[in-house]
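Here is a briefing on a protein–DNA model. Look over the structure first, then read the points by topic.

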Protein chains: 2
Amino acid sequence: MKLEEEIKQSKFETERQKAILNVIYTANWIGSIQHKIFKKYKLTSPQYNVLRILRGKFPDPLTVSSIQERMLDKMSNASRLVDKLVEKGYAERSTCMYDRRQVDVVITSAGQKLLKEIEPELLDFHNAEMVLTEQDAAAVNEALDKIRG
Amino acid sequence: MKLEEEIKQSKFETERQKAILNVIYTANWIGSIQHKIFKKYKLTSPQYNVLRILRGKFPDPLTVSSIQERMLDKMSNASRLVDKLVEKGYAERSTCMYDRRQVDVVITSAGQKLLKEIEPELLDFHNAEMVLTEQDAAAVNEALDKIRG
DNA sequence: TTTGTTTCTATGTTTAAACATTTAATCGAC
DNA sequence: GTCGATTAAATGTTTAAACATAGAAACAAA
């Protein structure tokens, strides 16, 4: 559906201006669908994101600050997100050997199991809802990378 | 900059999967820059969005539910957003004539003045940061509209 | 009119985001 | 070594988001 219809705005001044709103609107749209999936597992979207980051380095640990660097939403508080994951048994914390200011975080096997449960549902959504071909998607990626300079 | 470098992930399984993350990441990126601009005027991004919606109908009023329909983030609470705008003098509320359940909301002249102040700054950002041509932007818009079905 | 149902907005409550500050560890200059 | 500066993570506090629920008005049927 065209953005104009979805937000009931008749026209945009430029395609570039529309693209800005379109990116924000589409991100909200994707986010709200994924949110429903995460909710079944009592996870938030940033928490899921951190789990994926941790799995990407497993079995190596990541410090809180390096998690923050890799997060999609860099404004949110990595320390508190790790807190939640540790509470739920999906991650473990230990003080870093070389620098006692730093904290090493590792995903647990429970965390890995959880990711394996959630992933098929997310893929189903991507496949069912996204009509994009790989070429279209590649064009989007190129353009978005350009937007961010 | 490519998404892989920004979030320090080496590869993606498909372009489509990358496109999902790219949309979310880019929306956060745009949002955080705009947030800095809005902050100078003590507005939040959803509040700015509502003001734009109200101006779009001025001098006609909009009910709270029709504002909600047009909002980019449809999950947030339009009633409380209008509250904040009324507090600040940027909007006015009055009960609807033919249906006393509904509430008519109109942008004030102070609200319109505020929008005129903020807009040039947003346009500066769009022009300075966005390297996209109109054709590129049009392609993004087409693809994002496709993503949402 | 009355009763039940739906619609529109407001409100209550729990949780997280945003932002600043604190505490502890490290580093560098002297 | 000491001192100040810097960095990493945690914590405190204020504000808003998320979600459910309530309350008032409209509507429809008996």
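This is a predicted model. The briefing starts with the fold of chain A, then takes DNA strand C and DNA strand D in turn.

**Chain A: fold and dimensions**

- Chain A has seven helices and three strands.
- From the N terminus, its elements follow the order α-α-α-β-α-α-β-β-α-α.
- Chain A is more spread out than a compact globule, because its radius of gyration is 18 Å, well over the 15 Å that the globule rule gives for 149 residues.
- Along the principal axes, the C-alpha atoms of chain A fill a box of roughly 55 × 30 × 30 Å.
- Buried residues make up 47% of the 149 in chain A.

**DNA strand C**

- DNA strand C is surrounded by 20 residues. The closest are B:H35, B:S65, B:S79, B:R80 and B:R101.
- B:S79 places a polar side-chain atom 2.5 Å from a phosphate oxygen of DNA strand C. From the other chain, A:K84 has a polar side-chain atom 3.0 Å from a phosphate oxygen of DNA strand C.
- B:R80 reaches a base: a polar side-chain atom of this residue lies 2.8 Å from a base nitrogen of DNA strand C.
- Both chains contribute elements to this surface. α5 (78-87) of chain A supplies at least two residues, as does each of α2 (15-40), α4 (64-70) and α5 (78-87) of chain B.
- By class, the surface near DNA strand C holds nine charged, seven polar and four nonpolar residues.

**DNA strand D**

- Around DNA strand D there are 19 residues. Those that come nearest are A:H35, A:S65, A:S79, A:R80 and A:R101.
- A:H35 has a polar side-chain atom 3.2 Å from a phosphate oxygen of DNA strand D.
- A:V103 uses its backbone: an N or O atom there lies 3.2 Å from a phosphate oxygen of DNA strand D.
- A:R101 points to a base, with a side-chain N or O atom 2.8 Å from a base oxygen of DNA strand D.
- Two or more residues of the surface near DNA strand D come from each of α4 (64-70) and α5 of chain A, and α5 of chain B.
- This surface divides into eight charged, seven polar and four nonpolar residues.

**Second largest pocket**

- The volume of the second largest pocket is about 160 Å³.
- Which elements give two or more residues to its lining? They are α7 (134-147) of chain A and α7 (134-147) of chain B.
- The lining includes A:D136, A:E142 and A:K146, along with B:D136, B:E142 and B:K146. Also among the lining residues are A:A139, A:V140, B:A139 and B:V140.
- The lining has six nonpolar and six charged residues, and no polar ones.

**B:H126**

- B:H126 sits in helix α6 (residues 109-129) of chain B.
- Is B:H126 buried or exposed? B:H126 is buried, because its relative accessible area is 10% and the cut-off for buried is under 20%.
- B:H126 and B:K40 are 86 residues apart in sequence. Their C-alpha atoms are 18 Å apart in space.

Methods:
Residues numbered from 1 in each chain as written. Chains lettered and ligands numbered in written order. Predicted model: local features only at pLDDT ≥ 70, side-chain atom pairs only at ≥ 80, totals over all residues. Heavy atoms only, no water. Near = heavy atom within 4 Å. Polar contact = N/O pair within 3.5 Å; in protein donor to acceptor, adjacent residues only side chain to side chain. Helix = DSSP H or I, 4+ residues; strand = E, 2+ residues; numbered from the N terminus. Nonpolar A, V, L, I, M, F, W, Y, C, P; charged D, E, K, R; others polar. 1 Å grid on protein atoms, 1.4 Å probe; cavity = no way out; pocket = protein on both sides within 12 Å on 5 of 7 lines; lining within 4 Å. Points joined across faces, edges and corners; volume = space filled by probe spheres on them. Rg over C-alpha atoms; globule rule 2.2 N^0.38 Å. Buried < 20%, exposed > 50% of the residue type's maximum accessible area, 1.4 Å probe, protein only.
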